[in-house]
Amino acid sequence: MTADHPKVLFFGVGSVGAVYLYLISKVASTTAVCRSNYDVVKEKGFTINSTIFGNGLHVAPNVVRSCEEAAAQDSRPFDYVILTCKVLPGIYPKIIKSVVTPGHTVIALLQNGIGIEEEYLEAFPNNPTLTAATYCATVQRPPGVIAHQEVERLEIGSYPSSAPNTHAQAFTSLLQQAGATATVFDDVQAKRWYKLLLNASWNPICALTQSSDVQFMQSSEDATNFVLDVMLETREIALSQGYDIARAEVEAQWERATRRVATGKAVEPSMLQDVKAGRKTEVEAIVGNTVRMARAKGVPCGKLETIYLLMKSLDRRMGGGA
Ligand SMILES: NC(=O)c1ccc[n+]([C@@H]2O[C@H](COP(=O)([O-])OP(=O)(O)OC[C@H]3O[C@@H](n4cnc5c(N)ncnc54)[C@H](OP(=O)(O)O)[C@@H]3O)[C@@H](O)[C@H]2O)c1
């Protein structure tokens with residue numbers, strides 16, 4: 001790649017990061033900050049087996065162990081820093097500081113959760129922050145090898161939504177040139193709330209019960225309706241924040257999973273995978289922030305409150321954070 005190409009750093013390159021690293025490496029010069037997969041990726045790059053893009057795909061980025069190492073390699077500033085690590089609050093703005101050039105670098109969060117952006121705006125008030133509802137069913141197993149299937153879609157917007165969306169447009173064009181499915185929205189938080197219907201219900205329920213979605217639905221006659229109730233609580237909280245999701249859309253989301261009981265195509269949400277691996281979960285980004293927003297607006301959400309309480313206790317026993 002020449003100096004005319006955008007310079008992009010991916011921070012936290014696991015399942016989602018590797019898929020977008022593979023795509024963006026076609027149109028930009030890329031650096032990957034890796035941790036547990038550093039040695040294997042440094043030696044062999046990533047191999048991607050994707051039902052959408054093809055099998056045996058390969059990408060060998062510039063791999064580093066830290067942002068400081070990346071910053072020291074070359075004085076040209078990074079145009080984009082893309083975060084594809086799990087969301088653990090209060091940690092990453094400090095870690096990425098050395099690769100964010102004030103007034104230049106665009107920070108893009110390709111992560112789940114709600115209310116995850118503010119800490120970047122506080123740490124980097126002169127840098128555009130982009131945020132994306134990320135649909136990408138992918139897993140890294142073994143390190144450096146990615147299985148990707150079914151869906152690849154980014155719904156992108158500026159944070160806050162009132163900020164100009166010039167950077168969101170440019171980032172989206174870059175992704176589209178790379179072959180990704182990306183769309184810009186004036187208020188992407190609406191898309192984040194919609195995605196949260198799934199994440200705030202299935203993720204902690206499956207993690208707490210050590211069950212796939214299908215196993216949970218089969219566990220008792222009340223289980224399936226419990227999931228719908230949690231989704232409806234999330235809908236009420238979204239409404240309190242100004243996002244009105246039609247009840248029919250909530251039910252459609254829920255029914256999509258209920259149909260899997262018949263097909264037996266079970267899903268293991270990432271929070272369950274994290275707990276199985278003994279890793280810290282995204283409990284605060286996905287459940288904690290949701291509950292806090294409900295409390296601030298006086299929205300009752302007894303089921304989510306209980307889920308949060310139990311999930312926090314489980315999460316405390318997990319190691320392997322940032
Ligand atoms: N996977 C999916 O299908 C999917 C779909 C949609 C959205 N998402 C969301 O996308 C985000 C990323 O998820 P993921 O599944 O890609 O996570 P992942 O596979 O766990 O990858 C995260 C990567 O970040 C690395 N990391 C964390 N802290 C680091 C640090 N201080 N320095 C260097 N590397 C660090 C981890 O390294 P270690 O291995 O050393 O911990 C890991 O390689 C999450 O918000 C998730 O909820 C995931």
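Which side chain meets Glu284 in a salt bridge? Select Arg292: its side chain and that of Glu284 come together at 2.7 Å, N to O. Keep in mind as you click around that this is a predicted model. Arg292 has a relative accessible area of 36%, so it counts as partly exposed.

Next, pick Arg295, in helix α12. Its salt-bridge partner is Glu305, with the closest N and O atoms 2.7 Å apart. Glu305 sits in helix α13 (residues 302-316), 10 residues from Arg295, and is partly exposed at 28% relative accessibility.

Now show helix α12 (residues 283-297) together with helix α7 (residues 189-209): they pack at about 115°, axes 9 Å apart. The crossing of α7 past α12 is left-handed. On the α7 side, colour Trp193, Leu196, Asn199, Ala200, Asn203 and Pro204; on the α12 side, Ile286, Val287, Thr290 and Met293. That contact has seven nonpolar residues, three polar ones and no charged ones.

Stay with Asn203 and jump to one of its contacts, Ser270. You'll find Ser270 in helix α11 (residues 270-276), partly exposed at 25% relative accessibility. Ser270 also touches Lys86 and Glu282. Lys86 is 184 residues away in sequence, yet the C-alpha atoms are 9.9 Å apart. Select Lys86 with Asp274 and Arg279 to see a network of salt bridges.

Last stop: Asp39, in helix α2 (residues 38-44). Asp39 pairs with Arg65 in a salt bridge, closest N and O atoms 3.4 Å apart. Arg65 lies in the loop between β5 (62-64) and α3 (67-73). At 54% relative accessibility, Asp39 is exposed.

Conventions
Residues are numbered from 1 along each chain as its sequence is written. This is a predicted model: local features need pLDDT of at least 70, side-chain atom pairs count only at pLDDT 80 or more; totals for chains, interfaces and linings use all residues. Side-chain values use heavy atoms; hydrogens and water are left out. Helices (H or I, at least four residues) and strands (E, at least two) are DSSP runs, numbered from the N terminus. Buried means under 20% relative accessible area, exposed over 50%, partly exposed in between (1.4 Å probe, protein chains only). Contact means heavy atoms within 4.5 Å. Axes are lines fitted to C-alpha atoms, for helices over the stretch in contact, and angles run from 0 to 180 degrees between N-to-C directions. A crossing is left-handed if the near helix is turned anticlockwise from the far one by less than a right angle, and right-handed if clockwise. Ala, Val, Leu, Ile, Met, Phe, Trp, Tyr, Cys and Pro count as nonpolar, Asp, Glu, Lys and Arg as charged, and the others, Gly among them, as polar. A salt bridge is a side-chain nitrogen of Lys or Arg within 4 Å of a carboxyl oxygen of Asp or Glu. Lists of a residue's contacts leave out its neighbours within four places in sequence.
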